[in-house]
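The following note sets out points on the structure shown below, in numbered paragraphs.

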Amino acid sequence: MMSIRPPHHRRIARLRSALAGATAAGLLVGLAALPAQAEDGAEETLGTVARTVGHAHYQPGPCPRTADPIPELAKARCGTLTVPEKRAGYGHERRKITLGVAIIRAATTRERAPDPIVWFAGGPGDDAVSEIPMAVAGGLNRDRDVIFMSQRGTYSADPALTCPNIDQFNADALDLVFGAPSTGRLHVEATRECRERLVGLGADLSAYNGTESAADYADLRKALGIKKWNVFGISYGTDLALQYMRLHPEGIRSVGIDGVLPPSLAGGAVTWKAAREGFDGLFEACAEQPVCNTRYPNLKATFERLVVELEAHPVTTTVAVPGHPAPVKVVLDGGVLVNWLASATHVAAGVPRSIDELAHGNPQRIAEQWAGGKLSPQAIGRTSHGLAYGIFCSEWTPFESQDDVIRAGRRLFPSFPRSVLANAPFLTWLHDDCRAWDVPPAPRSVRDVTRSDIPTLVLSGGFDAQTAPSNGPYAARTLSRSTEVTVPYVAHVVFADSSCAQSITRSFFNAPTAPNTGCLAGLRPPRFEIAP
């Protein structure tokens with residue numbers, strides 16, 4: 001394993017709030033691609049040939065449905081992969097599901113590389129097709145075709161296990177106390193309502209998990225006739241990529257993982273670790289800039305004091321949100337403040353000022369950002385809660401108790417009250433929701449560490465508060481031919497925001513054992529906003 005850390009590396013973190021909103025930045029998809037090399041040695045244009053392999057069938061056809069226009073699909077090759085909903089325990093009449101496939105052609109006008117890249121989306125529950133603009137903006141398709149397939153249950157799959165009622169509850173709950181037991185009961189009611197609706201549609205909720213998704217991608221490679229391909233996974237997609245490497249290593253040339261979540265750690269405890277590392281990194285970055293430190297001294301202590309105070313005495317305010325003519329009522333308690341910061345590290349430059357304004361009685365900036373995220377059109381009806389809970393409730397919560405989560409949080413944030421520690425960032429009311437979701441636990445092997453000699457690029461962001469920067473070295477220690485890189489001053493999913501990370505990623509797929517990381521030396525911290 002090779003580990004690369006630039007000078008003055010800082011473990012800082014953030015959650016990418018709208019991965020699907022990345023723009024193409026003028027990168028063209030390019031001209032017609034050259035033929036792909038099929039498994040049998042014959043040349044064919046990737047994605048244009050119908051093929052059945054075992055119980056999986058690929059059929060060329062229209063491009064998948066999308067919630068927003070994706071211009072890149074105009075020149076894409078598309079189709080569907082049909083697979084069993086559940087591979088084990090059923091006879092010949094197994095229920096089938098279909099997964100949308102889109103292949104973005106290499107942009108190069110020269111001979112493209114013969115081994116495509118397959119993209120594993122985050123979430124869990126995000127739709128891969130919606131992340132095409134991000135991949136193209138980062139030049140991932142510069143030399144290779146890039147394949148996007150909707151994970152089972154996501155927006156462009158059939159069935160799509162979305163739960164708009166849960167998203168709407170999260171928006172409507174802005175005026176409720178975030179960590180109150182009464183709010184938790186309402187959240188679980190929304191979860192149970194969605195479960196009943198999806199079961200009524202015939203979905204076997206126990207079939208929506210990482211093990212089945214990994215098998216879907218193994219089937220896709222064979223059904224497309226690909227001998228070797230590369231894998232690139234972001235956020236939750238790194239968990240899936242590590243499972244895929246362990247369960248289906250054949251046919252993988254190389255793997256890139258960005259915003260690393262090892263399956264052996266996934267859950268609330270490691271999410272609290274991510275928050276600690278991310279928050280501290282941002283606070284340290286401010287403290288190391290004399291102007292920021294002078295204007296916002298003791299930022300860490302101020303933030304943690306505010307969490308305790310707001311949890312005891314929540315603050316209510318109203319804000320204006322674009323697209324909503326009436327003022328929106330927002331309640332800020334300690335749990336909201338923690339979750340806000342875990343998201344806001346992707347706009348790190350404004351964080352010290354926002355915390356300082358809150359400390360001086362002005363909650364508007366934080367309340368506006370919090371409400372804007374919950375009320376965004378992108379927040380309603382797009383996430384597959386069916387897949388997310390299928391993973392959370394079979395692969396995470398059976399192997400980590402609520403007390404485990406609280407103990408981990410208390411070790412890292414000893415001043416926080418129990419009501420805050422019980423809900424790790426982004427995983428609010430998770431154990432209660434999983435009792436309502438009621439799917440069986442996965443085999444314990446789902447938590448096994450991935451050991452592999454497949455060349456792997458392990459990317460972390462110094463400002464990542466969702467998947468701990470230290471997760472990268474943890475995963476890389478059992479990947480014998482890995483290159484572990486931490487990109488400083490960048491939040492969750494560095495490929496989305498950092499031209500340096502994009503350059504490293506492209507160079508890795510061209511030379512998987514010797515990526516060019518020289519751009520790291522020139523990176524500088526953000527210039528923090530300084531209020532008058």
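**Notes on the predicted model**

1. Charge. The side chains of the protein chain include 53 positive and 53 negative ones, and the centres of these two sets are 4 Å apart. These values, like those that follow, refer to a predicted model.

2. Fold and overall dimensions. The protein chain contains 18 helices and 15 strands. Its radius of gyration is 22 Å, close to the 24 Å given by the globule rule for 532 residues, so the chain is as compact as a globular protein of that length. Along the principal axes, the C-alpha atoms occupy a box of roughly 70 × 55 × 45 Å.

3. Buried residues make up 60% of the 532 residues in the protein chain. The accessible surface amounts to about 19900 Å², and carbon and sulfur atoms contribute 53% of it. Among contacts with a separation of 6 or more, 79% are between residues 24 or more positions apart.

4. Disulfide pattern. How many disulfides does the structure hold? There are five. With bonded cysteines counted along the chain, the pattern is 1-2, 3-4, 5-6, 7-8, 9-10. Three of these links are described in the points below.

5. The link of C63 and C78. These two cysteines are joined by a disulfide with an S to S distance of 1.9 Å. The pair links distant parts of the chain, 15 residues apart: C63 belongs to the loop between β5 (56-60) and β6 (77-84), whereas C78 is in strand β6 itself. The torsion about the S-S bond of C63 and C78 is about 75°, so this disulfide is right-handed.

6. The link of C286 and C292. The sulfur atoms of C286 and C292 are 2.0 Å apart and form a disulfide. Is this disulfide left-handed or right-handed? The torsion about the S-S bond of C286 and C292 is about -95°, so the disulfide is left-handed. Both C286 and C292 are buried.

7. The link of C393 and C434. A further disulfide connects C393 with C434, at an S to S distance of 2.1 Å. The angle about its S-S bond is -80°, and the link is left-handed. This pair, too, links distant parts of the chain: C393 sits in helix α12 (residues 385-396) and C434 in helix α15 (residues 430-437), 41 residues apart. C393 is buried, its relative accessible area being 4%, and C434 counts as buried at 10% relative accessibility.

8. D216. This residue is located in helix α4 (residues 210-223). At 1% relative accessibility, D216 counts as buried. Which residues does D216 contact, leaving aside its neighbours within four places in sequence? They are L81, V83, R87, L99, M149 and R152. Two of these contacts, L81 and V83, are made with residues of strand β6 (77-84), the strand that also holds C78.

9. S507. Helix α18 (residues 499-510) contains S507. Setting aside neighbours within four places in sequence, S507 is in contact with P515 and N516.

10. Why can helix α10 (residues 351-359) be described as largely enclosed by the rest of the structure? Seven of its nine residues are buried, so the description applies. The buried residues of α10 are V351, P352, S354, I355, D356, E357 and L358. Among these are the acidic side chains of D356 and E357. The buried residues pack against α6 (268-287), α7 (290-295), α8 (299-312), α9 (334-344) and α11 (364-375). Two of these elements also hold the cysteines of point 6: C286 falls within the range of α6 and C292 within that of α7. Just after α10, G361 adopts a positive phi of about 90°.

Methods
Residues numbered from 1 in each chain as written. Predicted model: local features only at pLDDT ≥ 70, side-chain atom pairs only at ≥ 80, totals over all residues. Heavy atoms only, no water. Helix = DSSP H or I, 4+ residues; strand = E, 2+ residues; numbered from the N terminus. Rg over C-alpha atoms; globule rule 2.2 N^0.38 Å. Buried < 20%, exposed > 50% of the residue type's maximum accessible area, 1.4 Å probe, protein only. Contact = heavy atoms within 4.5 Å. Areas by Shrake-Rupley, 256 points an atom, 1.4 Å probe, with all protein chains shown as cover. Charge placed at Lys NZ, Arg CZ, Asp CG, Glu CD. Disulfide = S-S within 2.5 Å.
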